[in-house]
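Dear colleague,

I am passing a structure on to you with this message, and below it you will find some notes on what turned up when I went through it. Please read them with the structure open beside you.

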Amino acid sequence: MTTPGFWRVLADGNTDDIVLAVDFDATGRPEARFTDLVAAMGPGLTVWETVPQSMGAEIGLTGEGYVERWAEEVRASGRRVSAVMGFCVGSVYAAPLAERIGQWQGEAPRMVLFDPEQASPLSMYWQFLKVIELMSSVLTPAETAAARAAGQAAQQANHDNLPQLGTELLKQFKEIGDLAFDRLGLDAERRAEVSVTFGSFISYLSAAGQLDPFADWRKAVAISSASPTSGLNAARSAAPGGEVDMVAEELRFTAEHTELLRDPEVARAVGDLLRTRA
């Protein structure tokens, strides 16, 4: 089977139907991956996952642009899509992708969302902080503190403009990154790999902020971790005592956010869900 350019095959169950997974999977991420989930779900499913954009390919790409690229390749394959999964901010993209697929195949695929979250200035700043923490072993405490402060200032100045915030965070990343890369002795190839990955991820988050997934999320099944600041739990934390009416059904698990896609109970439940309701 020919693998589309914007998707990779995680499992080929020799089925006409496919399950799509939307995520930004990059080397070094702390969270479990859809590859972990698919391996634990067992045979019998065909699963495609989105591929992070190559260097420069995401420049100027809107949220609808991401969805269009993915959707057109799926449509060209001629395959029926039985479900669309999304992890974290990938859930934002999963909503319009499922809707678009439903328009041409006559029925909408099921949506399964793992700790669904919308992109926000705070989440973008948090991703910047995680990268700074990874560099902190070769930075002085003063340099680390200055980088954090610069990122926070960018977030506060651009709290209503995700694209501009992304530009500012990339600028700060380059400044502190060049310093850290020099001390680590990284060659040009490795520097480029790290920089492109971070830049692509920031663009992915920024473009997601242009999409409104909430109407479609109300048709979805959410798989929630136990982490209080992730997914629907974060919404509950923001409104203590209130009901979170964002999805059609929620399955809650004891796994932390970083382990959600690796948890055996989650894999068993999702595998059953996809096989019995597809």
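E49 is buried, with a relative accessibility of 0% (buried stands for under 20% relative accessible area, exposed for over 50%, and partly exposed for what lies in between, with a 1.4 Å probe and protein chains only). The side chain of E49 forms a salt bridge with that of R8, at 3.1 Å from N to O, where a salt bridge is a side-chain nitrogen of Lys or Arg within 4 Å of a carboxyl oxygen of Asp or Glu. Because R8 belongs to strand β1 (residues 7-11) and E49 to strand β3 (residues 47-50), this pair ties together parts that are 41 residues apart in sequence. Helices (H or I, at least four residues) and strands (E, at least two) are DSSP runs, numbered from the N terminus.

Before going further, please keep in mind that this is a predicted model, in which local features need pLDDT of at least 70 and side-chain atom pairs count only at pLDDT 80 or more, while totals for chains, interfaces and linings use all residues. Residues are numbered from 1 along each chain as its sequence is written, and side-chain values use heavy atoms, with hydrogens and water left out.

R8 also forms a salt bridge with D25, and here too the closest N and O atoms are 3.1 Å apart. Since D25 sits in the loop between β2 (17-22) and α1 (34-41), whereas R8 is in strand β1, the pair ties together parts that are 17 residues apart in sequence. D25 is buried, at 11% relative accessibility, while R8, at 27%, counts as partly exposed. These contacts belong to a network of salt bridges that links R8, D25, R33 and E49.

Over the whole structure, the search finds 17 salt bridges. Another of them joins the side chains of E64 and R100, at 2.7 Å from N to O; as E64 lies in helix α2 (residues 63-77) and R100 in helix α3 (residues 90-105), the pair ties together parts that are 36 residues apart in sequence. E64 is partly exposed, at 39% relative accessibility.

Turning to the nonpolar side chains, the largest nonpolar core has 85 residues, and those that touch the most other members are L20, M85, Y93, L97, F114 and Y204. A nonpolar core is here a set of buried Ala, Val, Leu, Ile, Met, Phe, Trp, Tyr and Cys residues joined through side-chain atoms within 4.5 Å. Leaving aside neighbours within four places in sequence, L20 is in contact (heavy atoms within 4.5 Å) with W7, W48, V74, V81, A83, V84, M85, L97 and I101.

Two helix pairs deserve a look next. Two packed helices are described by the angle between their axes and the distance between the axes. The axes are lines fitted to C-alpha atoms, for helices over the stretch in contact, and the angles run from 0 to 180 degrees between N-to-C directions.

The axes of α3 and helix α7 (residues 188-208) come within 9 Å of each other and cross at roughly 55 degrees. That makes α3 oblique to α7 (angles under 35 degrees count as roughly parallel, over 145 as roughly antiparallel, 65 to 115 as roughly perpendicular and the rest as oblique). Where these two helices meet, G90, V92 and Y93 of α3 face Y204, A207 and A208 of α7 in contact.

For helix α6 (residues 162-184) and α7, the axes come within 10 Å and cross at roughly 165 degrees. That makes α6 roughly antiparallel to α7. Among the α6 residues in this contact are L169, F173 and F181, and α7 contributes residues including V194, F198 and I202. V194 is partly exposed, with a relative accessible area of 24%, and apart from neighbours within four places in sequence it is in contact with F173 and F181. The C-alpha atoms of V194 and F181 are separated by 9.7 Å, with the two residues 13 apart along the chain.

- C88, at about 55 degrees, lies in the loop between β4 (80-87) and α3 and is buried, with a relative accessible area of 17%.
- D115, at about 45 degrees, is placed in the loop between β5 (110-114) and α4 (121-135) and is buried, at 0% relative accessibility.

With best wishes
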